[in-house]
Amino acid sequence: MKAAAGVLGFDEALAKVLEHAAKLSRPQSEILALLACADRVLAEAILADRDQPPFDRSTRDGFALRAADAAAPLDAAAPLKVVGQIRAGEQWQGGALEHGTAVEIMTGAPIPLAYDAVVMIEHIERDEDSIRLTAGRTIRSGENIVPQGSEARAGQSVLSPGTVVEGAEIALAAACGRSELQVFRKPRVAIVATGDELVTLNATPGPQQIRNSNSYGLAALVARTGGEPVQLPIAPDRRAELERTIRSARDSDLILLSGGVSMGKYDLVEEVLQGLGAEFFFTGVKMQPGKPLVFGRLPATDEFPSQFFFGLPGNPVSTQVTFHCFVEPMLRAISGAAVQGPCFVQATLAEDVAGKADLMRVLPARWTTDRVRPEVRLVGWQGSGDLAANARANCYAVLPPERERFAAGDAITVLLR
Ligand code: AMP
Ligand code: MG
């Protein structure tokens with residue numbers, strides 16, 4: 001018995017996931033040491049604790065001066081007398097700075113109040129203790145100076161809750177004096193592989209048996225997406241055992257099932273979820289690979305709140321593709337991150353590809369990291385069970401339905417992973 005929900009187009013299905021992602025409540029948070037916050041999601045706003053930069057900062061090694069003093073006509077302008085130097089970490093202590101003077105200054109040092117520009121060392125001619133601009137050079141007021149507070153004012157928010165913390169955010173938090181941050185607790189993601197043919201990694205598979213690779217692939221993807229994977233024992237294709245396994249996953253924040261969602265006689269996942277009162281948002285997506293993909297929610301019980309689940313197709317490439325397209329945005333949102341779809345970019349197709357009428361295809365591909373014109377080429381594969389091809393790929397080419405062919409040179413969408 002199949003659940004009554006329906007097969008959606010790719011965009012509709014993604015919109016459905018994002019709609020539910022947007023309605024999630026904020027997870028609980030914890031305080032961690034700054035470096036332990038890498039890849040976590042901020043639960044608080046980070047405020048600048050002082051103006052950034054904290055003083056008018058020189059962006060160059062050169063000479064601080066009054067732009068008007070050095071102004072044209074250049075040849076006529078008198079040389080400026082160099083009256084001292086300021087290193088990074090120092091402040092001008094030399095008293096009043098008369099017109100017609102300059103101070104040698106290093107990158108990152110504060111500009112003396114009397115001055116309004118820095119001329120680069122490469123743009124002057126030096127003679128004993130005086131300098132003049134190289135012929136043809138001009139200097140504007142404000143040149144090579146970043147004004148105090150222009151990057152952020154003291155008290156201003158520089159990072160908002162829901163931001164994923166990576167190197168850029170850690171550096172900024174450190175600049176604001178933060179050695180600890182409040183981040184959201186990692187969601188626990190239960191992973192349930194289903195299938196009578198599956199064996200664990202430490203078993204020697206019989207000739208007709210298959211190693212449970214999906215649990216590992218999914219666990220790695222979950223961890224990378226900011227979740228804490230919980231690999232549950234393999235569930236055989238029997239109602240009672242499948243139900244018992246799903247019940248044992250109720251204490252997690254999301255359930256990922258793999259396999260058992262196709263049309264076969266022993267594909268029991270939907271039926272068992274339905275028996276547990278699940279609500280289904282879709283039971284298939286018009287895409288290849290990945291068509292038998294189920295998204296829904298188990299109702300709250302006395303013991304547990306309601307819980308989203310994905311029934312992912314068992315074919316290993318389908319499992320991974322559907323994770324990137326649908327699970328990743330949902331899991332990010334469950335982790336407290338701002339809701340965002342998968343990471344699509346445009347690249348130039350390097351070869352002709354035949355179209356397919358009815359399905360959106362998301363095919364293993366490789367894109368070159370050429371800066372100017374990234375090109376993408378499909379990876380040869382044996383279909384959605386071909387894990388070796390999936391590992392040779394570094395992205396997926398997204399080929400929309402209803403096009404007869406895609407030609408070399410066409411701009412196509414690529415799903416980054
Ligand atoms: P299913 O979706 O259950 O019909 O499975 C489709 C295909 O994926 C079959 O060839 C399965 O053997 C394979 N498969 C299902 N689950 C896994 C798994 N956890 N690891 C590796 N292959 C799997
Ligand atoms: Mg199966």
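**Helix α6 and its surroundings in a predicted model**

Good morning. I begin with a contact between two helices. On the α1 side, Phe10, Ala13, Leu14, Val17, Leu18, His20 and Ala21 take part, and on the α6 side they meet Cys325, Phe326, Pro329, Met330 and Ala333. Sorted by type, the residues of this contact of α1 with α6 comprise eleven nonpolar, one polar and no charged.

Helix α1 covers residues 10-22 and helix α6 covers residues 316-334; their axes come within 9 Å and cross at roughly 15 degrees. Because angles under 35 degrees count as roughly parallel, α1 is roughly parallel to α6. The crossing in which α1 passes α6 is right-handed.

Helix α3 is formed by residues 213-224, and the axes of α3 and α6 come within 10 Å, crossing at roughly 30 degrees. The two helices, α3 and α6, are therefore roughly parallel to each other.

Which residues of α3 meet α6? They are Ser213, Asn214, Gly217, Leu218, Leu221, Val222 and Arg224. Their counterparts in α6 are Pro316, Thr319, Gln320, Phe323, His324, Glu328, Leu331 and Arg332. The residues of this contact of α3 with α6 divide into six nonpolar, six polar and three charged. For the contact of α1 with α6, I recall, the division was eleven nonpolar, one polar and no charged.

Gln320 lies in helix α6. Is Gln320 buried or exposed? Its relative accessible area is 17%, and since buried means under 20%, Gln320 is buried. If we set aside neighbours within four places in sequence, Gln320 is in contact with Gly217, Leu221, Asn390 and Tyr396. Of these, Gly217 and Leu221 are among the α3 residues that meet α6.

We now follow the chain out of α6. Pro342 is located in the loop between α6 and β24, a strand of residues 344-349. With a relative accessibility of 13%, Pro342 counts as buried. What does Pro342 touch, apart from residues up to four places away in sequence? The list is Leu14, His324, Cys325, Pro329 and Leu415. Leu14, we have seen, is one of the α1 residues in the contact with α6, and Cys325 and Pro329 belong to the α6 side of that contact. As for separation, Pro342 and Asn202 stand 140 residues apart in sequence, and their C-alpha atoms are 34 Å apart in space.

Next, the cysteines. A disulfide is a covalent bond between the sulfur atoms of two cysteines. How many disulfides does a search of the whole structure find? The search finds zero. Two cysteines illustrate the reasoning. A disulfide requires the two sulfur atoms to be within 2.5 Å. For Cys176, the closest cysteine sulfur is in Cys37, at 14 Å, which is too far for a bond. Cys176 counts as buried, at 5% relative accessibility. For Cys343, the closest cysteine sulfur is that of Cys395, 11 Å away, and this is again too far for a bond. Cys343 counts as partly exposed, at 42% relative accessibility.

I close with the backbone. The bond from Gln52 to Pro53 is cis, with omega near -15 degrees, and Pro53 sits in the loop between β3 (46-47) and β4 (57-58). The bond from Gln288 to Pro289 is also cis, with omega near -5 degrees; Pro289 is found in the loop between β21 (287-288) and β22 (294-298).

Asn144 has phi near 60 degrees and lies in the loop between β10 (130-133) and β11 (145-146). Glu402 has a positive phi of about 60 degrees, and its place is in the loop between β28 (395-399) and β29 (405-406). Is each of them buried or exposed? Asn144, at 15% relative accessibility, counts as buried, whereas Glu402, at 67%, counts as exposed. Thank you for your attention.

Technical notes. Residues numbered from 1 in each chain as written. Chains lettered and ligands numbered in written order. Predicted model: local features only at pLDDT ≥ 70, side-chain atom pairs only at ≥ 80, totals over all residues. Heavy atoms only, no water. Buried < 20%, exposed > 50% of the residue type's maximum accessible area, 1.4 Å probe, protein only. Axes fitted to C-alpha atoms, helices over the stretch in contact; angles between N-to-C directions. Helix = DSSP H or I, 4+ residues; strand = E, 2+ residues; numbered from the N terminus. Parallel < 35°, antiparallel > 145°, perpendicular 65-115°, else oblique. Left-handed = near helix turned anticlockwise from the far one by under 90°. Contact = heavy atoms within 4.5 Å. Nonpolar A, V, L, I, M, F, W, Y, C, P; charged D, E, K, R; others polar.
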